[in-house]
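Q: Could you guide me through reading the secondary structure and packing of this protein?

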Amino acid sequence: MKPSRLFALTIKQYLCSPFLLLLLIAAPCLCLFVSQRQAQNTDDRIRVGYCIVADTEDTDTSRTGISYDEDILWLINALNDGESLFAFYESSDPYTLRADVARGSVECGYLIPSDLFIQLRAGNKKELITLLTSPHTTMSPIINESIFAILFQRLSGQVFLQYLTKDSAIADAYPAAYTADDVEALYQKYLTNGSTFSFTYDSDVNEFHYGTTSVLTSPLRGLFAVLILLSGFVGALSYYQAAEHPVLAKMSVRIVRITVPMLFACVLSLICLFGMPQVAGIDHSLIGFFAESGRLFLYTLLCLLFLLAFTTLIPYRGILYALFPLYLIGCLIFSPIFLDAAQYLPELKTVSYFFLPTWYLL
């Protein structure tokens with residue numbers, strides 16, 4: 001039988017499989033469902049709650065009746081209007097905020113006293129803001145730094161003016177030689193002209209939103225690489241079964257039997273990777289589509305060569321049954337699918353190259 005005819009018959013055989021047809025239909029539907037859920041969630045930033053209170057020890061205090069000074073009003077606007085990885089939401093009272101933290105609707109919460117800036121200018125720096133966390137909170141140290149950065153924007157200029165007018169060597173010259181407006185202008189000049197320590201971001205901050213969907217879909221490329229390899233192993237097992245007949249114990253039959261299920265898995269992976277939003281490592285553009293298609297094709301070819309060598313060296317089906325689950329588990333452990341173990345143990349970097357998904361994820 002000609003290899004081309006055998007290839008066509010094998011594809012027809014797989015297409016007649018109810019399970020494969022169900023999988024080919026379910027994959028695009030799953031991608032469409034995830035895309036719609038992502039479209040409904042327009043702000044996928046990590047939610048953080050806060051509440052302005054008169055006393056952080058009083059959990060029944062409401063914001064009603066609290067008079068906000070100019071500094072606190074500035075802080076509320078800075079938190080609500082900030083564009084970063086974290087989206088801050090103001091709660092009406094500490095009880096509501098504690099409940100939000102407990103049920104996980106916010107990453108963590110902050111009870112901020114209404115006299116915060118007064119306390120800071122007076123020199124009180126410890127235990128002013130109460131941090132509310134749950135056992136599931138993981139990012140509170142990073143969020144703390146964001147809060148400190150916002151407070152610094154407001155307080156540093158005021159502290160600088162206080163130092164110059166009260167504690168510096170030129171304090172006696174105020175306000176005859178210089179005024180508060182002069183200090184503010186000088187402070188803003190050196191703060192924004194690049195002469196002080198600063199960070200420069202090449203891309204817009206909105207490009208780096210990293211929400212629940214992106215976290216869940218981040219290992220998909222590696223999992224689909226394992227799926228392609230698993231399909232190749234299934235094809236190799238079907239070849240062993242067919243090779244029991246001497247007529248089918250040929251290299252062309254082996255190639256076709258291994259290649260066809262991997263091609264189906266490759267097409268399925270391509271559909272899912274470009275049908276789901278925010279998959280890590282995927283450029284959802286026309287150029288990115290062709291680039292990812294080329295990577296999948298080369299990876300499939302690498303798997304084919306590996307399995308051809310594997311089935312040549314191991315002539316018995318029972319040995320393959322025993323070895324391929326162990327190899328797939330090794331792929332999940334040593335390849336950087338969920339976690340790159342080589343970051344913690346550099347010696348494992350060489351070991352990871354023996355598992356094929358690592359080459360696809362390079």
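A: Helices (H or I, at least four residues) and strands (E, at least two) are DSSP runs, numbered from the N terminus. The model is predicted: local features need pLDDT of at least 70, side-chain atom pairs count only at pLDDT 80 or more, and totals for chains, interfaces and linings use all residues. Residues are numbered from 1 along each chain as its sequence is written, and side-chain values use heavy atoms, without hydrogens and water.

Q: How many helices and strands does the protein have?

A: There are 14 helices and four strands.

Q: In what order do the strands of the sheet lie?

A: Two strands pair if DSSP finds at least two bridges between them. Here the four strands form an open sheet with mixed pairing, in the order β2-β1-β3-β4. Strands β2 (86-90) and β4 (130-132) are the edges, each pairing on one side only.

Q: How do β1 and β2 run relative to each other, parallel or antiparallel?

A: They run parallel, and five bridges join β1 (residues 46-53) to β2. R47 stands opposite A87 in β2.

Q: Which helix packs on the sheet, and which strands does it touch?

A: Contact means heavy atoms within 4.5 Å. Axes are lines fitted to C-alpha atoms, for helices over the stretch in contact, and angles run from 0 to 180 degrees between N-to-C directions. Helix α6 (residues 140-167) packs on the sheet, touching β1, β2, β3 and β4, with its direction at about 75 degrees to that of β2. Helix α4 (residues 94-103) lies across β1, β3 (109-113) and β4, and runs at about 160 degrees to β3.
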